[in-house]
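Grab a pencil and open the viewer. Let's work through a few exercises on how the parts of a protein model meet.

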Amino acid sequence: MGKQATRVIVNGKSHARVIDARLTLADFLRHELNLTGTHLGCEHGVCGACTVLVDGRTARSCLMFAVQANGCAVTTVEGLAPEGQLSVLQQAFIDNHGLQCGFCTPGMLMTLTELLRDTPAPSEQDVREALTGNLCRCTGYAGIVAAALDAAQRLRGALAKPGSP
Amino acid sequence: MGAKHFGARVTRLEDPALLAGRGRFVDDVKLPGLLHACFVRSPHAHAKLRGCDARAALIMPGVHAVMTADDLPEPMRDTALPLLLPNPALNVPRTQTALARGEVCYVGQAVAVVVADTRYIAEDAAAALIVHYEALPAVADCRAAAEAGGPGAHSDLTTNVASTFSLAYGDTDAAFADAAHVFREELWQHRGGGMAIETRAVLAHHEPVSDLLTVWSGTQTPHIGRRMLADLIGRDLQSIRMIAPDVGGGFGPKAIFYPEEAVIPAAALKLGRPVKWIEDRREHFLCATQERDQYWDVAIAVDDEAKILGLRGRMLHDTGAYVPWGIVMPYIAASTVPGPYVVPSYQLETVVVLTNKVPTTPVRGAGRPQAVFAMERLIDRVAHELKIDRAEVRRRNLIRPEQMPYEVGLIFRDGKPLVYDSGDYPRGQDQALALADYDDFRERQKAALEQGRFIGIGLANYVEGTGLGPFEGVTVRVLPSGKVAVATGATSQGQGTRTTLSQIVAEAVGCRLDDVVMTVGDTAAISQGVGAFASRQAVNAGSSAHVAGQAVRQQLIALAARALDVSETDIDLEDGLATAQRGNKPSIAFGDLARLAQGIPGVSLPVGQSAGIEHTAYYTPTQAAYCSGTHVAEVQVDAMTGGVKVIRYTVAHDSGRVINPLIVDGQVQGGVAHGIGNALLEWMQYDANAQPLTTSFADYMLPMATDVPTCAIAHVETVNPLNPLGVKGAGEGGTIPAPAAIVAAIEDALAPFNVRFAETPLTPERIVATLRAAGAYDRLFAG
Amino acid sequence: MKPAPFDYHAPRQLKDAAELLVRLPNAKLLAGGQSLVPMMNFRYVIVDHLIDLGRLDELRGVAVVEGALRIGAMTRQRDLEFSPEVAKHCPLLAEALRHVGHRQTRNRGTIGGSLAHADPAAELPAVCAAYDATVHALSVRGIRRIAFREFCTGFMATALAPDEMIAAIDLPIWRLGHGHGFHEFSRRQGDFAIAGAAALLDVGADNVVRRAALTVFGVATAPLRVEAAEARLAGKPLDTAAIRAAAAAAWLIEPISDIHAGGDYRRHLAQVLSARALNDAARRAGVEA
């Protein structure tokens, strides 16, 4: 019942599959494409661990069927930086102890990637409000908030210096 | 000890992979031929099982098996899961069978398992399975259940009281008879959960050529899990390997051995294919163990100077339908009450009651938040009644540092007398108050009130027995590559175990942090292990890492001295290189020493040299390590809505010598967040038939980023004299006093209305109802 | 928590969507999916056919038509949040949107989906009630206009016929210079409200209220216009006493009780939040009440 041909561009690479209509985008990424960085913590759209970018906007991949992403460009945590490198935000997470068990972390990174793109100079309150869509049980959020503010500052610094990477 | 790695704010070795999406959690493990399981669970809180019809499920395409208890191997079929912590005071040592037989005793108890090609199909088939139940009366409220004559949580039991025990010392009767003041409080703390963001997970694979059963489990205790599984399926330990790979948070509930950890391996053996089960969030709400849920009726006796003379009372503990961890949690609660105070006499009767709910076992704090809530609420009451500042009442009663080691007069749950090894409680409280600007708070409060804002401050102290035994092991081995391999039975669910143990080993051995290759949570890596609970790993595994590292250091020095033709005292070890301070041969790398240590085939080793460079240490603590702390919470209350915001939070924390301040601060901050959840948000609700009501993250509320301020944290380092590193545990202290401090702060904010609170979570609705009863709205609506 | 199987349809023409809805048995429309998909994952909702409206570009957009702001049903909440037209003409909607879920759910969630779901604690139905919105219900029979007062028929129930879908919503535009206020109390940021209030006030230069709308939500099975409050305000000078008296009218509602809150608390909140919403609206209308 309900097989559908679907093509999704994930982290810049096109993937065509014939899939069950009911397959969630999260399960498609994790089990069809083996991109297991996207995690499932609740499957009802609250915890945010499964957050990915769909056409540049954050979305719960547990609340989308993969068929809905037909023709869309999806970015997952694996696509945030080239293999073997870390983005400015990812590095800021290390420096500010922004993760403990690391399970919620990919979702946090996706939300903050969108925030820092749209709001380059966020206040602490901006960061905290953006993060309300992502639950963390380990850190008490302090390191995540610090990492986001730190990364925002580093990214602004990089912008201010033309020619810097 | 040099301070190159130990004590340094080292960023974590775990982070790069997790940040890149290259973590390896159980659900990330893919095996050829993998099948997926879904459990069929009781919708009744209490019912007789009257058979099961699997025909419709079995004919569905993609379904491989439906198993009920009858399909399980011996002895698992009829054997209750092991009771991990027996206790003579436990009258009803009841645990569940892997799949229910005859009777189900809580909603969510596993009745059958379906194995299919995908989880989707397994859920389709589970929905098609017909189980016949005959509903029985359910026991939901432990207060009613404790009384004789009501329905039983198990139909064959004539009582729901699983245990009654009393902890006491001194003469409370005399203390209360002579006291100038006696105050009594009735208190309650909610039932809540660990709620790790990764749910539980099990993957089992039997490899017939080697006859090895490998089980990946999102557990805190793989060695214990392997032992229990071996007993249940009748295999030797060596033929089972249990691996806890990356685990997405633990917080206590993952220390339990669960039915699924037995059933999934049984299914894999039966089907000859790997089988995976990933708990979904709804199952986690139904089946993962929970905590708190205690009713306290306690009284304190004090003199006119607010000096404590005695404390006595009764506590009722809802243990749910089974007691997989015995009575350890109520026992910890009962023995934690005196805390950092001189309490000359004490008596607490504890009644452990069975109900038709999922069992309670330790969740971050493990009984201590309730005990601290009881003690601190009583002290606040004393301060209120005697009109003495709350910090001052505490100061008058705190154990002085010169009284250390301090014998409380009780036996702790480690079986040893409750003796605080070290600590400076007055200094801790003073530091916390200074950092929180406690002294000028009244001015700030007054200024806020003039703007119509109700702010309040509260404080709470605690002492926590951490670092419990029996042991944890660490093997340190220098490899021919120059890397230093470390293996331990300790596990990690986010605590940074790899990083802290690497720091200790690198410090001891003299290698770079990057050269440490760590294996945690794998029974194949080390023969004995225990795992993560009771904030025990820094003390146990940390000490073992130190001892093993020092032994390896000696081996390296001896080998290097021989190789470089100098005496052992001339050898320095640093960054993986042994350097001679004199002589012609300047240095030799650890890798070359490791090759030397392999010897030459057929040639005898030099006298005194052992095979390879390695050592295994199993540190066994003589007793618990007692950490302590003071929390100060500042809140703002919207008196009109009852909304509470924690606006400032301060912690002074003594976990002994700090191995890595980055990680300890993270543990404290995360613990406080959990405590804020307990104080204000988290509440696992059940109806009168013991049906769970809050089984989603929309209904069971975890704290969000807007609910948790960044804490100010001071480290009070008093060295623990009982272990070689001087450390104490740090994992739970953040949670333990938070509800007490926050509720006190709310009361303080609403002091103009003279209201008192005695429960958590303290909901806005309760605050408004209390304010209304106090007549607050006659004033507020008029104003 | 995986959904039961279904067939998926993604029509590209409105008329195809309407025809599918008539033709397919046990079918459901998929808009943003932020409420429907959780219920499907829990298997509270099991459908044979899912009709995805996501490819219907004609259902997206915001325009001023006939004195009203017309919003396509499939317009994402996040787009409305940043829409200059919404900010200019319906600032109450803009303010309410900040309380709707989280940025990730607003990126997907649509206004039409929220209205069709009709959660009594949701913000967008409350705003539509305050504006006396008109819902354009589309079916193979054409477009039927439903006044919002008739739209919510009970707990999570609407006046939509089984073959109808929301195509657009008209929010009548209030006079420039009117005041708006929106307050809700939820346990955490982004949670459904335990109670809330949305207010619109049009106040003349003489400080007399020309028009007032007050909606409370989360307290009953559907958002509720507090007509007694509006009657106390309209045609009278606006001051603190008037607002207090109007807010007190919220005390008269019959509240619901559930695991999140009891009725008494909800009624109390309705009163408190009505006062706050009216105060904001008064201030924005240029009155320091």
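This is a predicted model: local features need pLDDT of at least 70, side-chain atom pairs count only at pLDDT 80 or more; totals for chains, interfaces and linings use all residues.

Residues are numbered from 1 along each chain as its sequence is written, chains are lettered from A in the order in which they are written, and side-chain values use heavy atoms, with hydrogens and water left out.

**Exercise 1.** Find the domains of chain B.

*Solution.* Step one: look up the bounds, which come from an automatic or database domain assignment. Domain 1 covers 31-387, domain 2 is made of 421-464 + 624-783, and domain 3 is 469-619. Step two: take the C-alpha centres of domains 1 and 2 of chain B, and you get 27 Å between them.

**Exercise 2.** Describe how domain 1 of chain B meets domain 2 of chain B.

*Solution.* Start with contacts (heavy atoms within 4.5 Å): 45 residues of domain 1 of chain B touch 45 residues of domain 2 of chain B. Next comes buried area, the accessible area (1.4 Å probe) that two parts lose on being put together, summed over both. Here that's about 3500 Å², with 59% of it on carbon and sulfur atoms. On the domain 1 side, B:Phe285, B:Arg364 and B:Arg377 lose the most area, together 20% of what that side buries.

**Exercise 3.** Now do the chains: how does chain B meet chain A?

*Solution.* Count first: 52 residues of chain B are in contact with 46 of chain A. Then the area: the two chains bury about 4000 Å² between them, 59% of it on carbon and sulfur atoms. B:Leu19, B:Tyr120 and B:Ile197 supply 20% of the area chain B buries here, more than any other three residues. Four salt bridges turn up across this interface. To see a salt bridge between the chains, zoom in on B:Asp28 and A:Arg30, whose side chains meet at 2.8 Å, N to O.
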